[in-house]
Amino acid sequence: MLRDVTFGQYYLTKSFVHSMDARIKLILCLLFMVGIFFVQSFVGFAFVALFLLVAIGFSHVPLGSIVKSIKGIIFLLCLTALLNMFFTKDGNLLVSWWIFEIYDQGLIVAAKMLLRLVFLVMGSSLLTLTTTPVDLTHAIESLLKPLKVIKFPAHELALIMSLTLSFIPGLIEETDRIISAQKARGASFDSGNLIKRAKAFVPILIPLLVGGFRKAEELANAMNSRCYEGSTNRTQMRVMKLSWRDLVGALITVAVFATIFVVYAMRSQWSTITWLYF
Amino acid sequence: MSETTQQNVIIELQNATYYYKTFAEDGTAVQDIGVEGVTLSICEGDFVALVGHNGCGKSTLAKLLNGLLRPTNGKVLVSGMDTADKKCIFDIRKSVGMVFQNPDNQRVASIVEEDVAFGPENLGVPSAEIRERVYKALEQVNMVEFAHSAPSRLSGGQKQRIAIAGALAIQPKVLVLDESTAMLDPLGRKEVLAVAHQLNKQGMTVILITHFMEEVLDANKVIVMNNGHVVSQGTPMEIFTNTKLLEEVGLRAPRAVQLSHLLHQAGFAVTDNNTDIKMLGGEVCQELKR
């Protein structure tokens, strides 16, 4: 039941997107995440969807794996859609019941917000599905390196992130095991009121926490045994090199979002103000 | 696996003692014995098996060997370097590679080759040489074909062989397997042991910590521990035939040895204390035909 968490799960295959430099992918992903909030029309969303589909096609990741990542935030999606639907009071009134009023603009805003969030999650999971956590942390480390001047612990931060990511599947498995063990002894997790249910989770959390500390200690021993001493004098096996793929990928993505920014600026009601920023 | 007496001592423990600090129920600090007064030496090229039941101090002893723990009293010397000397600690860890019990808890990366590379990366080895070392280590454990796999999809024995490769990439002189076979199925145990013996043949000093007596058979030295003390040292045969000692420390000789001993005592014409279960089987068949 807990196994279908896709986040942080690398999809192993060979593809154009997989062999792109992690740093470039990370920057492009950030651009994508910012850019998606500048899309305002459905035509724009169709444009982004097309781009996303092409990117997914070149990544050889099955669409199912990416769609699966949306499942995790389905509650958030529904909530956002509902809030947008009921609290937008623009346009023509379509339905009115008790204190609820739905306007046509509300539906449009809700649909756009929904699309935005779905694309956001799809785009970022495309990054994590095509980039190993190790590469991702190398990329973050490398991009944050300039901050070392102000003693920012870039390497340590990156390592903590990568360890966290690689320990998530193990912890999920352990949680599953503990839940089964407690169920076997007669614990029930889905009956009673909210407080009772919350209390039922204490016997899961405590062993999980204790197990987590034990794992952490063993890991620390293993890392120490392999001569870990922080970032001093550390080298890396993989040398990150830019290739033509990075140039092509970056050019396409930048072109797509440059178009989006330009369209936004042109359409915008405050175009005069926005132009000042460009 | 030579029986020559002229060997260089690589690890030496002189009266090594380690106490754990724990707290009694009333909150006062008490000392728990980890290991106490251990004096022994391990020679280059040895295959040493360290046995004892759970909680006898085997793992504490292992952690003393590469300075993960520093002895409360006494000394631990690795190639003449004292593990209590902070300046030597990385040189010590470079010469004593260690593999632990749970393969999932000693993994730092989610791709096999990246995980194996962790050690040499820490040592500041140049990139090209790291790659060389990683592939050599993977070759030594027969896992080259899995270099780009995710360890979470591998079997226990394979995961543990990856962990061994991770230790080998540091190019140690001694390999310590701290209960590394305890969590594995019989097949995985066989794989890991085969790798350990193969490495030993290539000149690696191996210290195998275990409570499976079957794994001790091919060692050339056995150290028996109980309650934090070394109670006996000797060849596997010397240990297996000392039934009184084994009973005291709660261990048992391998099944083949027990069975052949009992059959021999009962008057059958089989070799006494036979470690080879196939040979014993043959002998029993011969007896039955007679």
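A quick word on the ground rules. This is a predicted model, where local features need pLDDT of at least 70, side-chain atom pairs count only at pLDDT 80 or more, and totals for chains, interfaces and linings use all residues. Residues are numbered from 1 along each chain as its sequence is written, chains are lettered from A and ligands numbered from 1 in the order in which they are written, and side-chain values use heavy atoms, with hydrogens and water left out.

Let's start with salt bridges. The term means a side-chain nitrogen of Lys or Arg within 4 Å of a carboxyl oxygen of Asp or Glu. How many turn up over all chains? The search of the whole structure finds 13.

Take B:Lys58 and B:Glu179, whose closest N and O atoms are 3.1 Å apart. B:Lys58 sits in helix α1 of chain B and B:Glu179 in the loop between β7 and α6 of chain B, so this pair ties together parts that are 121 residues apart in sequence. Helices (H or I, at least four residues) and strands (E, at least two) are DSSP runs, numbered from the N terminus. Both B:Lys58 and B:Glu179 are buried. Buried means under 20% relative accessible area, exposed means over 50%, and partly exposed is in between (1.4 Å probe, protein chains only).

Next come B:Glu215 and B:Arg189, which meet in a salt bridge at 3.2 Å, N to O. Here a loop between β8 and β9 of chain B is tied to helix α6 of chain B, and the parts are 26 residues apart in sequence. B:Glu215 counts as buried because its relative accessibility is 4%, while B:Arg189, at 21%, counts as partly exposed.

Now over to chain A, and helix α2, residues 42–59. Its 18 residues should span 26 Å at 1.5 Å a residue, and the end C-alpha atoms are 25 Å apart, which agrees. That expected span is 1.5 Å times one less than the number of residues.

Which residues of α2(A) are buried? Among them are A:Phe45, A:Phe51, A:Leu52 and A:Ile56.

What do the buried residues pack against? They pack against α1, α3, α5 and α10 of chain A, where contact means heavy atoms within 4.5 Å. Finally, A:His60 follows α2(A), and its phi is positive, near 60°.
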